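Hello,

Here is the structure I promised to pass on, with the sequence alongside. Have a look at it first, and then read on for what turned up.

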Amino acid sequence: MKDKLLSPEALATHNPLQSTAENAMRLMQAGQWEDALACLAAQEPQEKLMAWTLQQVLSHAGSQDTAVKNCSSDISQWLSAPDEALRFSIFQQAELLGFDTPAGALGLSLFWMKGSMTASEFEAVYPEPHLSRLMLHCALKLLSVAIATDTPPHTGAQILLAEWLASRSVN
């Protein structure tokens, strides 16, 4: 999966003997914030990272928007009890929010994570296996930009990575 998400430069320096956190921190220190976030998206348990990212979306970006709250609530519900009808509803909500928003990208990531992209009355069509994690990476990048506001996105990614590291030490 790393080869689908990390840049060739990051892949060349990736150390499989180091943890995700160590590789991500090294990339962040090298100014490769997108690759640092890609490390998380490629290597962390997807549903756990998705739940954590959802918390970050609610605490950092657009948490006052009713549509974001509704979509986030449904994503949280799906993560605890997957349901096909709810998955399609999340896709529709994500589409309305826009796949270029953190919550919308997260909803699309969930939609691609499990199940067919077509309604049950049609022949099943499944996404490429890496697309869900790729969209989770997009959600993290969009969230970094939203957190950074008027500063470079690298700042938002640093905040996210620090919060992710802190959450891991608590758990």
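Predicted model: local features only at pLDDT ≥ 70, side-chain atom pairs only at ≥ 80, totals over all residues.

Residues are numbered from 1 along each chain as its sequence is written, and side-chain values use heavy atoms, with hydrogens and water left out.

**The fold overall**

The chain has ten helices and zero strands (helices, H or I, of at least four residues and strands, E, of at least two are DSSP runs, numbered from the N terminus). Its radius of gyration is 16 Å, close to the 16 Å that the globule rule gives for 171 residues, so the chain is as compact as a globular protein of that length. That radius is taken over C-alpha atoms, and the globule rule is 2.2 Å times the number of residues to the power 0.38. The C-alpha trace spans about 50 × 35 × 30 Å along its principal axes. Of the 171 residues, 45% are buried. Among contacts with a separation of 6 or more, 59% are between residues 24 or more positions apart (contact means heavy atoms within 4.5 Å).

**The core**

The largest nonpolar core has 46 residues, and those with the most contacts inside it are Leu49, Ile75, Trp78, Ile90, Leu106 and Trp164. Such a core is a set of buried Ala, Val, Leu, Ile, Met, Phe, Trp, Tyr and Cys residues joined through side-chain atoms within 4.5 Å. The elements giving two or more residues to this core are α3 (20-29), α4, α5, α6, α7, α8, α9 and α10. Leucine 106 is in contact with Met50, Thr53, Leu54, Val57, Ile75, Leu136 and Ala139, leaving aside neighbours within four places in sequence.

**Helix α6**

Helix α6 (residues 66-80) has 15 residues and reaches 21 Å from its first C-alpha to its last, close to the 21 Å expected at 1.5 Å a residue (the expected span is 1.5 Å times one less than the number of residues). Which residues of α6 are buried? They are Val68, Cys71, Ser72, Asp74, Ile75, Trp78 and Leu79. Seen down the axis of α6, these buried residues fall within an arc of 160 degrees, so they line one face of the helix; the arc is that of the directions from the helix axis to the C-beta atoms. An α-helix has 3.6 residues a turn, so residues three or four places apart point the same way. On the other side of α6, Thr66 and Ser80 are exposed. The cover over the buried residues of α6 includes α5 (46-60), α7 (84-97) and α8 (102-113).

**Helix α9**

Back to serine 132, which lies in helix α9. Serine 132 touches Gln46, Ser109, Trp112 and Met113, not counting residues up to four places away in sequence. Histidine 137 is in helix α9 (residues 131-148) too, and counts as buried at 5% relative accessibility. With residues up to four places away in sequence not counted, histidine 137 touches Leu5, Glu34, Leu37, Ala38 and Ala41.

**Salt bridges**

How many salt bridges does the structure hold? There are four, a salt bridge being a side-chain nitrogen of Lys or Arg within 4 Å of a carboxyl oxygen of Asp or Glu.

- Lysine 141 pairs with glutamate 34, the closest N and O atoms being 3.5 Å apart. This pair links lysine 141 in helix α9 with glutamate 34 in helix α4 (residues 33-43), 107 residues apart.
- Glutamate 44 pairs with arginine 168, with the closest N and O atoms 2.7 Å apart. Glutamate 44 lies in the loop between α4 and α5 and arginine 168 in helix α10 (residues 153-170), so the pair ties together parts that are 124 residues apart in sequence. Glutamate 44 is buried, at 9% relative accessible area, whereas arginine 168 is partly exposed, at 42%.
- Lysine 114 and glutamate 47 meet through their side chains (3.9 Å, N to O). Lysine 114 is in the loop between α8 and α9 and glutamate 47 in helix α5, 67 residues apart.

Best wishes

Key. Buried < 20%, exposed > 50% of the residue type's maximum accessible area, 1.4 Å probe, protein only.
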